[in-house]
Amino acid sequence: REAMWLLCVAAAVLAWGFLWVWDSSERMKSREQGGRLGAESRTLLVIAHPDDEAMFFAPTVLGLARLRHWVYLLCFSAGNYYNQGETRKKELLQSCDVLGIPLSSVMIIDNRDFPDDPGVQWDTEHVARVLLQHIEVNGINLKDRANSRL
C-alpha cells in the first residue's frame, strides 16, 4: 500500500515536472525577448532516497538546466535500507554532478525521522515542515509560480 502511494506521488511529481519544464520554456521565450535569463528561477527537486533523481527525474533536471534554472535537491533519506547509506550518498552526489546540480545545492537528510524502510510511514507533518524550511532557505518562490497562472 505504501509503495503504491509513493508510486502515485512520484508519478504526480514527475507529471508536474514535465508541465513545469514546458511552462518554463514558454516563459523563457518571453524572458529572452525581454533580455532576462532564467537563472533567476529556482526549482527544488524533492526525492525520497538516492537514485530517484536519475530514475524518475533526469529528463526534468536536464530540461531545467537548459532553461538555466537553479536546481536544488532535497533527499529525505540516505538510502540505508541495505546498510549502504554512505555509498548511496556518494552515488547521489556523483549523479547530481552529472545532471548539473551544484553539490552546494544538494541536501541529504540522514536521520532516524526519515528511515529508508518500506515498512515505516514518515510523519507527513514533519515532512511538510522540513520541506517548507528548505523552500524558504533556498528562496523557492511559490507565489510567483501561482501568479503566473492568473
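Select Phe 76, Phe 114 and Trp 122: ring pairs link these three residues into a cluster. Rings of Phe, Tyr and Trp (its six-membered ring) pair if their centres lie within 6.5 Å; planes under 30 degrees apart count as stacked, over 60 as edge-to-face and the rest as tilted.

This is a predicted model, where local features need pLDDT of at least 70, side-chain atom pairs count only at pLDDT 80 or more, and totals for chains, interfaces and linings use all residues. Residues are numbered from 1 along each chain as its sequence is written, and side-chain values use heavy atoms, with hydrogens and water left out.

Now search the whole structure: six aromatic pairs turn up. Go to Phe 56 and Phe 57. Their pair is edge-to-face, with 6.3 Å centre to centre and 65° between the planes. Phe 56 is partly exposed, because its relative accessibility is 30%. Phe 57, at 5%, is buried. (Buried means under 20% relative accessible area, exposed over 50%, partly exposed in between, with a 1.4 Å probe and protein chains only.)

Return to Phe 76 and Trp 122. Their ring centres are 5.9 Å apart and their planes are at 35°, so this pair is tilted. Phe 76 sits in the loop between β2 (70-75) and α4 (85-99), and Trp 122 in the loop between β3 (106-108) and α5 (124-137). The pair links distant parts of the chain, 46 residues apart. Helices (H or I, at least four residues) and strands (E, at least two) are DSSP runs, numbered from the N terminus. Both Phe 76 and Trp 122 are buried.

Last, colour by pLDDT, the predictor's confidence in each residue, from 0 to 100. The chain mean is 82, and 69% of residues reach 70 or more.
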